[in-house]
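Good morning, and thank you for joining. I would ask you to bring up the model on your screens, and I shall then take you through it part by part.

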Amino acid sequence: MNKIRTRFAPSPTGFLHIGGARTALFNWLFARKHQGTFVLRIEDTDEVRSTEDSVQAILDSIRWLGLNWDEGPKDSRLSDGPYKPYFQMQRLDIYKKFLDQLMRDGKAYRCYCSKEDLDEMRRLATLEKRPPRYDGRCRNLSEKQKEDYDASGKKYSIRFKMPDSGTTVVDDLIRDKVSFENNLLQDFVIIKTSGVPTYNFACVIDDHLMEISHVIRGDEHLSNTPSQLKLYEALGWTPPAFAHLSMILGPDGAKLSKRHGATSVLEYKNEGFIPGALRNYLALLGWATKNSQDLFSYDELISSFDIEGCQKNPATFDNVKLTWMNGEYIRKMPITELVKAAEPFLEQSGIKPASGSPSLESAISLEHQKYKKLTEIPGLINFFYKPLELTSQAREKSLSNPEAPGILEDLSVRLEKLPEFKEKAIEGAVRQYAQEKGFKAGQVFHPLRAAVSGRTDGPTLFLMLEVFGRDEVVQRLKESCRLLTAGKI
RNA sequence: GCCCCCGUCGUCUAACGGUUAGGACGCGGCCCUUUCAAGGCCGAAACACGAGUUCGAUUCUCGUCGGGGGCACCA
């Protein structure tokens with residue numbers, strides 16, 4: 001059996017977006033599943049729009065998602081392990097070689113048409129309701145004409161000679177056989193006047209040279225495939241297997257784009273999503289198992305993935321489900337890992353435990369089951385790390401009872417004297433107090449929570465008090481009590 | 001305009017001629033509970049439409065409608 005080799009080939013003209021990430025993920029999963037090789041190739045042949053920032057953003061995104069690639073140009077292995085990706089602009093001499101071959105075989109030709117010529121051609125075609133397609137006027141220029149053009153310094157591009165008749169069938173792993181009429185295909189440009197190859201040309205050469213066995217890519221490339229197939233044929237190569245993934249749509253059914261909110265992978269990182277959760281969710285966009293499983297462990301996802309489960313119809317991106325899934329992942333994280341993941345977000349909101357204040361670990365673990373995104377953590381634990389501040393809800397709902405000051409006063413005395421300041425002991429003391437005074441549990445619990453945390457919601461009460469520590473609890477009870485009796489609340 | 005793809009709950013999807021059309025998110029209810037969550041149970045919610053083929057169509061064929069993609073010296 002031939003070795004499975006896949007690739008992700010983004011063009012560095014912007015950030016890595018959700019659709020690209022999904023394509024990368026599927027290629028990565030397929031390679032991993034079959035113990036194959038996953039290649040990263042930067043298609044930077046758009047000299048105008050490619051940027052170094054985009055390259056960096058794409059690499060950062062892919063690394064963050066954990067989609068490590070296995071190979072790079074010779075001697076490109078960095079000292080710390082990973083390879084550099086392939087860059088097409090560093091392979092121009094390679095493309096040149098195959099261009100020469102096509103020219104020699106008479107399968108490609110120089111085209112001296114200017115941009116204006118082509119625009120005019122398109123304009124007329126549209127006007128006459130013909131397909132806007134290059135008419136092949138430079139196909140059979142005489143040597144004399146070429147010499148004249150060259151002498152006048154006219155620039156040329158190189159076009160590939162497309163057969164005029166017949167059909168080309170794309171045998172797609174997801175869509176089965178899709179056929180295209182050759183006469184609708186055009187003599188497409190393979191080398192721009194700048195001498196740089198176009199996508200369709202460089203892509204074919206690289207996929208062949210890199211021995212890519214499966215080209216898994218977005219649906220938008222399906223219509224490029226017949227042209228590429230003709231190139232494989234002209235070069236005498238066997239094409240790889242193709243699998244065209246359905247698109248990812250926004251909530252309104254249009255192609256997912258910026259106006260639908262976050263589309264860049266790095267934005268999701270900044271919004272507090274976990275790489276594993278995003279991988280898991282993305283995998284479900286256009287792929288499913290026979291039993292519609294939706295939560296997968298790292299290994300499970302790899303072993304379950306297959307092309308057969310890939311969907312033909314487009315999928316709508318659902319932030320709500322992603323968020324739920326992220327919560328699932330957070331809940332499964334060991335607490336130390338969670339604290340580490342939350343660090344950048346805590347730092348951002350200025351949470352830094354002082355000596356004597358609860359550890360981040362104990363504070364965060366109190367509501368481990370509540371976080372759906374890492375960004376929510378600071379807001380849910382910050383009351384441990386800042387001076388007491390009563391929300392209006394706390395004031396109106398939990399502390400408005402005229403009995404409240406007395407209760408808080410009594411509790412501060414009792415808790416101060418409590419031999420062991422642990423969850424169970426605290427609960428015992430508080431319940432006992434309520435019973436002695438003839439209060440219902442809630443009548444005591446609610447003011448207690450509000451007086452100490454300042455809020456009406458929050459972690460389980462007595463564990464929260466334990467985490468706060470006796471001194472802080474007593475002090476806060478007294479403070480609240482003072483505020484209440486002074487009528488400041 | 002031309003070419004191509006697609007069409008199951010609101011969303012992601014299972015089903016591969018015969019099912020009470022299943023699961024998940026979300027939504028509603030109940031339970032648990034000191035709050036908010038989490039968890040458990042229950043519920044509402046879909047085969048785009050029309051012709052065929054067939055004893056029988058969500059499933060196969062054709063058409064209609066609807067959505068998407070492509071038609072660059074961008075990838």
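Let me begin with a definition: helices (H or I, at least four residues) and strands (E, at least two) are DSSP runs, numbered from the N terminus. What you see is a predicted model, in which local features need pLDDT of at least 70 and side-chain atom pairs count only at pLDDT 80 or more, while totals for chains, interfaces and linings use all residues. Residues are numbered from 1 along each chain as its sequence is written, and chains are lettered from A and ligands numbered from 1 in the order in which they are written.

I turn to the chain as a whole. Chain A contains 20 helices and twelve strands. Its C-alpha trace spans about 110 × 50 × 45 Å along the principal axes. The radius of gyration of chain A is 32 Å, whereas a compact globule of 489 residues would have one near 23 Å; the radius is taken over C-alpha atoms, and the globule rule is 2.2 Å times the number of residues to the power 0.38.

For burial, I call a residue buried if 20 or more other C-beta atoms lie within 10 Å of its own, exposed if 12 or fewer, and partly exposed in between, with C-beta atoms placed from the backbone. By that criterion, 33% of the 489 residues of chain A count as buried. Two residues are in contact if their C-beta atoms, placed from the backbone, lie within 7 Å. Among contacts in chain A between residues at least 6 apart in sequence, 76% join residues at least 24 apart.

Next, the interior. A nonpolar core is a set of buried Ala, Val, Leu, Ile, Met, Phe, Trp, Tyr and Cys residues joined through C-beta atoms within 7 Å. The largest such core has 108 residues, and those with the most contacts inside it are Ala 21, Leu 25, Leu 29, Phe 201, Leu 278 and Leu 477. Helix H1, residues 18-33, gives the most to this core, with nine residues. Leaving aside residues up to four places away in sequence, Leu 25 touches Leu 67, Arg 279, Leu 282 and Ala 283.

Phe 201 also belongs to the buried set of helix H6 (residues 199-209), together with Ala 202, Cys 203, Val 204, Ile 205, Asp 206 and Asp 207. These buried residues of H6 pack against strand E2 (37-42), helix H3 (92-104), strand E8 (189-191), strand E9 (214-218) and helix H7 (225-235).

Glu 211 counts as partly exposed because it has 13 C-beta neighbours inside 10 Å. A second case is Ser 292, in the loop between helix H9 (275-283) and helix H10 (298-304), with a positive phi of about 55° although it is not a glycine. Ser 292 has 7 other C-beta atoms within 10 Å and is therefore exposed.

Now the strands. Two strands pair if DSSP finds at least two bridges between them. An open sheet of three strands has the order E1-E2-E3, with parallel pairing; its edge strands are E1 (5-8) and E3 (86-87), each pairing on one side only. E1 and E2 are joined over four bridges, and Arg 7 has Val 39 in E2 as its bridge partner.

Elsewhere, strand E4 (residues 108-111) runs antiparallel to E5, with four bridges between them. E5 also pairs with E8 in the antiparallel sense, over two bridges.

I close with the RNA. A residue is near a molecule or strand if its C-beta atom, placed from the backbone, lies within 6 Å of it. Which residues come nearest to RNA strand B? Of the 65 around it, they are Ser 11, Glu 43, Tyr 199, Lys 255 and Asn 313. Among the elements giving two or more residues to this surface are helix H4 (115-127) and helix H18 (441-453), and H18 has the largest share, five residues.
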